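I opened a new notebook page for this chain. Below are my entries in the order I made them.

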Amino acid sequence: RQPMGADPSTDALSLLAWSPDILGTSPRRVFSTLAMASTFVLLYSPWPALKQMRKSGTAVGSKVGFIPLFAMLLNNTVGFTYGVVATNHEVMVVNGFGSILCLAYMLIYLRYSENRRKHVRCVIVFLMGLCALEYHLYSLEQETRVDLAGICNNVVYILMLSSPLSQACQVVKHRSTANASWALTLSCAANSFFWAAYAHIIDDWYLLFPPLLGMALAALQISLLVIFSKRCLGIHPKKEKEAVEMAPQGGGNKAKCSPSCCSKAASCTASVSNTRQSKNGNKPSSDKNGNLVATELV
């Protein structure tokens, strides 16, 4: 029922103004959906390594470690806290789902971890600190509560940037992109762009600062991938990993090589030694196995 003196045209205009939000075509709805979808894709990234861990029955040699999983759990739980405090339903949904998923990842890793007791202590201390943070937040006023939760969210995100920075340092150190992933780098860049656009639309600076840092880091990683890519360096795609394995490791003089490389090096060394022996008056002979053996002329 309409109130007395209400204009039906005004109600029609207000319904028309709200129709984009109902249909889900407003800029806020579009970018929030894209940001949430890209985040769900990134949250799936540790699963193949954990699946391989379950098959092997050990965490030794796994591509995922305790620190990245712990950082993901920390980031999602603190982000969920900020979403609750700021009453942002999109942030609450994506970080709440991420917290549950990362906790499941952590439990799978702890099952096969060799330092299980040490890692369990870290998780327990983290949960106790999170409970203390929640208790302290709800003892403050609303504005102070939002500011403190936003600062904590930004600090945790900056700590998470240590993993992509270490990967970028490895690319520069080895001058190779064999251990880098174009798909993961581009996915992180798209995810940061969608969250930055969404935060700009809703005018949330605490939510805007982390994606801007993520975009800058993604731009740095993409530039390194372009500079040290296989085509720019002229390295054959199949031989790039082989070249990385042949590089000296641990500061030693020994290097790993594949059987084909070692056989080619051995044949070249034999031919060079035979040439030198012929110049010095030595004749090459063969033993029972057919290998060339240098004998001196008396």
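Entry: I looked up Tyr206 and found it partly exposed, because its relative accessible area is 24%. For this label I used the cut-offs under 20% relative accessible area for buried, over 50% for exposed, and partly exposed in between, with a 1.4 Å probe and protein chains only. Tyr82 is buried, with a relative accessible area of 2%.

**Entry: what I am reading.** The model is a predicted one, so I kept in mind that local features need pLDDT of at least 70, that side-chain atom pairs count only at pLDDT 80 or more, and that totals for chains, interfaces and linings use all residues. Residues are numbered from 1 along each chain as its sequence is written, and side-chain values use heavy atoms, with hydrogens and water left out.

**Entry: confidence.** I noted that pLDDT is the predictor's confidence in each residue, from 0 to 100. The protein chain averages 74, and 66% of the residues score at least 70. Residues 268-272 have a pLDDT below 50, and beyond near neighbours in sequence this stretch has zero contacts in the model. Residues 288-298 also have a pLDDT below 50, and here I found 19 contacts beyond near neighbours in sequence. Contact means heavy atoms within 4.5 Å.

**Entry: the whole chain.** I listed 13 helices and two strands. These are DSSP runs, numbered from the N terminus: helices are H or I with at least four residues, strands are E with at least two. Of the 298 residues, 31% are buried. Among contacts between residues at least 6 apart in sequence, 64% join residues at least 24 apart. The chain exposes about 19500 Å², and carbon and sulfur atoms supply 64% of that; the area comes from the Shrake-Rupley method with a 1.4 Å probe, and for residues only the protein chains shown count as cover.

**Entry: aromatic pairs.** How many aromatic pairs does the structure hold? I found eight. Rings of Phe, Tyr and Trp (its six-membered ring) pair if their centres lie within 6.5 Å; planes under 30 degrees apart count as stacked, over 60 as edge-to-face and the rest as tilted. The ring centres of Phe70 and Phe126 are 5.5 Å apart and their planes stand at 75°, so this pair is edge-to-face. Phe70 is in helix α4 and Phe126 in helix α6, so the pair ties together parts that are 56 residues apart in sequence. Phe126 counts as buried because its relative accessibility is 10%. Tyr82 and Tyr206 form another edge-to-face pair, 6.4 Å centre to centre with 70° between the planes. That pair links distant parts of the chain, with Tyr82 in helix α4 and Tyr206 in helix α10, 124 residues apart. I also noted a cluster in which ring pairs link Phe66, Phe70, Tyr109 and Phe126.

**Entry: helix α3.** I checked residues 47-56, helix α3, and found Ala49, Leu50 and Met53 buried. Seen down the axis of α3, the buried residues fall within an arc of 95°, so they line one face of the helix. The arc is that of the directions from the helix axis to the C-beta atoms. Gln52 and Lys55 are exposed on the other side of α3. The cover over the buried residues of α3 includes α4 (66-86) and α5 (89-112). Gly57 follows α3 and has a positive phi, near 80°.

**Entry: Ala59.** Where is Ala59 placed? I found Ala59 in the loop between α3 and α4. At 14% relative accessibility, Ala59 counts as buried. Not counting residues up to four places away in sequence, Ala59 touches Met53, Tyr109, Tyr112 and Ser113. Ala59 and Leu110 are 51 residues apart in sequence, and their C-alpha atoms are 8.7 Å apart in space.

**Entry: helix α7.** I compared the length of α7 (residues 142-160) with expectation: at 1.5 Å a residue its 19 residues should span 27 Å, and its end C-alpha atoms are 27 Å apart, which agrees. The expected span is 1.5 Å times one less than the number of residues. The buried residues of α7 include Arg145, Val146, Ala149 and Tyr157. Seen down the axis of α7, its buried residues fall within an arc of 165°, so they line one face of the helix. Their cover includes α4, α6 (116-137), α9 and α10 (205-227).

**Entry: Thr185.** I placed Thr185 in helix α9, residues 182-202. Thr185 counts as buried because its relative accessibility is 6%. Leaving aside neighbours within four places in sequence, Thr185 is in contact with Ala218, Gln221, Ile222 and Leu225.
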